[in-house]
Amino acid sequence: MILVCNKCGRKYFEPRGVCKCGGDEFHQEDGEPSKVECVKLFVTPSGFPEQIEYCLSSINGVKVFEVIK
Ligand SMILES: [Zn+2]
């Protein structure tokens, strides 16, 4: 299950109050996320405390780049 912004169509794996576009209404779509690739960064940009793990996932053919931790 994924959440799709009604305003811009951006897709999210996790519920969030406000989309990056400013929209605050979402609808749900069925879909099983499948992880395509995960990358762990050992050198992080300033402002990030420690290591960060990114995952490139795909839902219904839509690729999403997300930060795991
Ligand atoms: Zn949006």
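The structure is a predicted model, in which local features need pLDDT of at least 70 and side-chain atom pairs count only at pLDDT 80 or more, whereas totals for chains, interfaces and linings use all residues. Residues are numbered from 1 along each chain as its sequence is written. Phe-13 lies in the loop between S2 and S3, and its C-alpha atom is separated by 8.9 Å from that of Glu-66, a residue 53 positions away along the chain.

The secondary structure of the protein consists of six strands and zero helices, with strands taken as DSSP runs of E of at least two residues and helices as runs of H or I of at least four, numbered from the N terminus. Of the 69 residues of the protein, 4% count as buried.

Strand S1 (residues 2-5) pairs with strand S3 (residues 26-29) in the antiparallel sense over four bridges, pairing being assigned if DSSP finds at least two bridges between two strands. Within this pairing, Phe-26 of S3 is the bridge partner of Cys-5. S1 is also joined to strand S2 (residues 11-12), in an antiparallel arrangement, by two bridges, and Lys-11 in S2 is the bridge partner of Val-4. S1 and S2 form a hairpin with five residues between them, and Gly-9 in the turn has a positive phi of about 85°.

Key: A residue is buried if 20 or more other C-beta atoms lie within 10 Å of its own, exposed if 12 or fewer, and partly exposed in between; C-beta atoms are placed from the backbone.
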